Amino acid sequence: MTRIHFNEVATRDGFQIEPAFVPTDVKVALVDELSQCGYAKIEVTSFTSPKAIPMLRDAEEVMGRIRRVPGVEYTVLVPNLRGAERALESRADELNLVMSVSETHNLANLRMPRSHSFEALGGVIRHVNGHTPINVSLSCSFGCPMEGDVPLAALLAWTQRFADLGVRGLTLCDTTGMAHPAQVQQVAETLQQRFPALQLTLHFHNTRGMGLANVLAAVQAGITRFDGSLGGLGGCPYAPGASGNICSEDAIHMLAAMGYDTGIDLPRLLTLARGLPDIVGHEVPGQVAKAGRISDLHPAPDFVAELRARFEGAAP
Ligand code: COA
Ligand code: ZN
């Protein structure tokens, strides 16, 4: 059975865009519950400027208070050297560096041209010097909401530059849900072929309803690592039209039904998902938490037994 690794990003990609600040105690409790569900990785928070992302201004406290479960990697999003220093002090297991392959989105999100981001992230990688694994998340890998198409050649060139710096992994982010399954297949096949040593993760948003179709296309192309967000929360504050990540429990439910081993305790995860609207104060997009698993059957209405008896009695 193929093992699929999930990275839960609700407390980072999800909470960063929530209109109301999620209290620190609640964040810590949720990460602790998620730690018991069988995730390979949890993206706990981000060490960004508290002015840019005020919802995650309690990053140090959250990282300091969570109970770490052996076997789960606790990663954090880092935009610059200052963020990396904070992340290392907080004993993050991995630094997830971020930049955009779109110049316009990079200027909007990180306030600098891509060349400056790359230089800064190169500085972070040299500073960390192999002591903590580095992942790089490339925003807008499948298209930019302001620039449009992102050529595959550009994506390959940025990947090559980070591979040359010796990073462990790379996450291709479909920041605003522009990827479609045929594109995902092509990109996934090309990147795996060109960079066999790189740990590749795919990060989809369900903005246009193509999220799970894209997961399936990626799995069929050989990808085994995905980011997902409990309840389907999430979105980039600097990407017009961004909406939720693929919903972790919906994706895990689909893959489990197809016979993939996700390592996740789905009933436990669904219990957490059902508590999420109380945490964020609104409905969330995830569907399996509402509908139940395909194996959660409903009793037939009473009259079905009567009909069955009547039709059996009258069988020709
Ligand atoms: N952690 C804490 N504070 C930071 C910081 C970090 N990683 N990086 C910068 N700052 C502070 C600076 O100290 C400065 O504070 P001051 O105004 O009190 O002096 C302020 O932020 C501005 O610093 P500057 O270096 O000019 O950064 P900037 O304004 O160009 O912002 C980023 C650059 C990347 C730090 C900021 O845009 C950011 O954090 N963006 C978040 C992107 C994000 O997470 N998007 C969603 C997920 S993809
Ligand atoms: Zn995202």
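Helix α4 gives the largest share of the shell around ligand 1, namely three residues; helices here are DSSP runs (H or I, at least four residues), numbered from the N terminus. This is a predicted model, in which local features need pLDDT of at least 70, side-chain atom pairs count only at pLDDT 80 or more, and totals for chains, interfaces and linings use all residues. Residues are numbered from 1 along each chain as its sequence is written, chains are lettered from A and ligands numbered from 1 in the order written, and side-chain values use heavy atoms, without hydrogens and water.

Both α4 (81-89) and α5 (103-110) supply at least two shell residues. Among the 19 residues around ligand 1, those that come nearest are Ser 49, Lys 51, Asn 80, Arg 86 and Asn 109; a residue counts as near if one of its heavy atoms lies within 4 Å.

Let me turn to individual atoms. A side-chain N or O atom of Asn 109 is 2.7 Å from a nitrogen atom of ligand 1. An oxygen atom of ligand 1 lies 2.8 Å from a backbone N or O atom of Ser 49, and a polar side-chain atom of Arg 82 is 3.1 Å from an oxygen atom of the ligand.

By class, the shell holds eight nonpolar, six polar and five charged residues; the nonpolar class is Ala, Val, Leu, Ile, Met, Phe, Trp, Tyr, Cys and Pro, the charged class is Asp, Glu, Lys and Arg, and the others, Gly among them, are polar.

How values were computed:
Polar contact = N/O pair within 3.5 Å; in protein donor to acceptor, adjacent residues only side chain to side chain.
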